[in-house]
Amino acid sequence: SMFELIAKTGAELYFDSAVMLMFFLLVGRYLNIRARGHAKSAAHDLLLMMEGMASVVNADGTYKTIPFKDIKEGMILHVPAGEKIAADGIVQDGNSELDTSLLTGETLPQAVFIGDNVFAGTVNTSQPLKILVTKSGSNSLMNDIISLMEKAEQGSSKFVRLSDRVAKLYTPVVHFLALMTFLFWSLVMGQSVHDSLIYAIAVLIITCPCALGLAIPVVQVLASERLFKKGILLKSGDALEKLAKVTSVFFDKTGTLTLGKLSLMNQDSIADEHLKLAASLAVQSTHPLSKAISTSYDGDLYDVKVQDTTGFGLSTTWENKEVKLGKRDWIDFDKFDLPDDQATELWLSIDNKEFVRFVFSDELRSDSSEVIDRLHNKNINTSILSGDRAVVVQKTAKNLGVKNYFAPILPDRKVEEINKQKAMGMHVLMVGDGLNDAPALTSADVSISPATAMTITQNAADIVFQGYKLLPVIEAYETASIASILTKQNLALAFLYNLIAVPLAFAGFVTPLVAAIAMSASSITVVLNSLRLNRKVNKRLAS
């Protein structure tokens, strides 16, 4: 065009083509950057949440204010009502409620008491708290979440690697095609150098690899963004790709299908006087079963001195009577008929004459049954792997409609059962939270862990979800399925476009302006197709 302009012939000027080419390229780039920006803004907002000033309690009881970044382990934070908690820690003084929606997605406030763990980024909504810092800001759960996000963005799936390899071949291949076009029209067809050059330029423009370059990354970014907003963190770049292929799911029981929090099940059948007496002993113990009793009683307690017999239970003297609260093996029942249902229990004995049984159960997550039903509706096999007693696991499996369960089993047996399924050609998902689940999580094709899991378990998992519900498993699966479909569609669109466009340009039917429009339109098409992800996932979840 510059040559034609200088020569003043004006026959072939393509400045408009160059402008149009840049315009459509920038439109495609803008849509891509905007999609990535939405995902990064979520992590950026978290970082902003961790900026500010905190009140620290000095040794003499006075307060000083320091930046969040200067908080160290062992410090005592004073957090007034309405203020943000600046670091992970343990409540040392005060009872309150926390807004944990930023971390867990839960809208209801969560009650916290002395000894409870609290996390940076949550908001104290009720009463002042004093918190012993156990992790500084750089090691907090919030920082771990941001790190997981960054790690997920750095990973790449098989589709991304394929796209990258193909894109690298574009430069030599496209230039070779353009050269062949020029030689064909100039030497074989006898066209002028000018016309042959125009055809070659059209080939060069129309085969720009933008569509292929955008086909996969945009889908991945949008999928990661959606899951992050739902409290689901991707730790590996190919997690979604593998999750979309799942045909079999293994669940751990305690802490996964259940909340891992024991509750008193037979409170209605226990007399108030007996519950009050048991709670008076239990409140002085940190044992999970004792906590379940003490939290179930909301009245005044007896002032008793308790002796803790390690491994057996608690005892005291009340109204000149010997009172015990503990295991059945520790109590002399004197021909009292004992039930044999193998339920988790404690017994209250009053002077070896009155015996009251307290039965406990690990509460199922509120949506465990719905998750199992949804998986079954998709013809996905479900099984439970647990180290708990067989009778307890059997009851859980029956309540959820799971036919296959393995209990009690050790970690190596969990791995063995997963490998059996894989040997049969199944694509296995493992969902677990305990230390004994870590080998199974690693052995499965893809793995998911709740954020309440141990650190080693989260490290072994491909995906980590926040909150007290199990539905994030379905959210992640549906998102992965739709992302896989859109990725394949985008690749097909990109390759189909080139199969049609390149021969037309080679044959001389396309001008550089039309080539610029066609090339840019292909890029915009794959981006717009990717943007359908949220709508399609919402539709799947609603059905």
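Which residue takes a positive phi in the hairpin of β14 and β15? That would be Glu-319, with a phi near 50 degrees, in a hairpin that has two residues between the strands. Keep in mind that we're looking at a predicted model here.

β14 and β15 pair in the antiparallel sense over six bridges, and Trp-318 finds its bridge partner, Lys-321, in β15. β14 also has a partner in β13: three bridges join these two strands, which again run antiparallel. One of the residue pairs here is Asp-308 with Leu-314 of β14.

| Strand | Residues | Pairing with β14 |
|---|---|---|
| β13 | 307–309 | three bridges, antiparallel |
| β15 | 321–326 | six bridges, antiparallel |

As for β14 itself (residues 313–318), five of its six residues are buried, so the strand is largely enclosed by the rest of the structure.

Zooming out, the protein chain has 543 residues, and 46% of them count as buried. DSSP gives 20 helices and 22 strands. Among contacts between residues at least 6 apart in sequence, 66% join residues at least 24 apart. The accessible surface comes to about 27,100 Å², with 57% of that belonging to carbon and sulfur atoms.

How confident is the predictor? The mean pLDDT of the chain is 82, and 83% of the residues reach 70 or more. Residues 151–156 fall below 50, and this stretch has nine contacts in the model beyond near neighbours in sequence.

Now for the inside. In soluble globular proteins, nonpolar side chains tend to be buried together. In this model, the largest nonpolar core has 40 residues, and those touching the most other members are Leu-243, Val-246, Val-249, Phe-251, Leu-429, Ile-448 and Leu-533. Helix α18 (residues 472–506) supplies the largest share of this core, eight residues. A second, separate core holds 22 residues, including Leu-264, Leu-275, Leu-277 and Val-323.

Leu-533 deserves a click in the viewer. Leaving aside neighbours within four places in sequence, Leu-533 is in contact with Val-219, Leu-222, Ala-223 and Arg-226, and also with Thr-479, Ile-482, Ala-483 and Leu-486.

Key:
Residues are numbered from 1 along each chain as its sequence is written. This is a predicted model: local features need pLDDT of at least 70, side-chain atom pairs count only at pLDDT 80 or more; totals for chains, interfaces and linings use all residues. Side-chain values use heavy atoms; hydrogens and water are left out. pLDDT is the predictor's confidence in each residue, from 0 to 100. Contact means heavy atoms within 4.5 Å. Helices (H or I, at least four residues) and strands (E, at least two) are DSSP runs, numbered from the N terminus. Buried means under 20% relative accessible area, exposed over 50%, partly exposed in between (1.4 Å probe, protein chains only). Accessible areas come from the Shrake-Rupley method with a 1.4 Å probe; for residues, only the protein chains shown count as cover. A nonpolar core is a set of buried Ala, Val, Leu, Ile, Met, Phe, Trp, Tyr and Cys residues joined through side-chain atoms within 4.5 Å. Two strands pair if DSSP finds at least two bridges between them.
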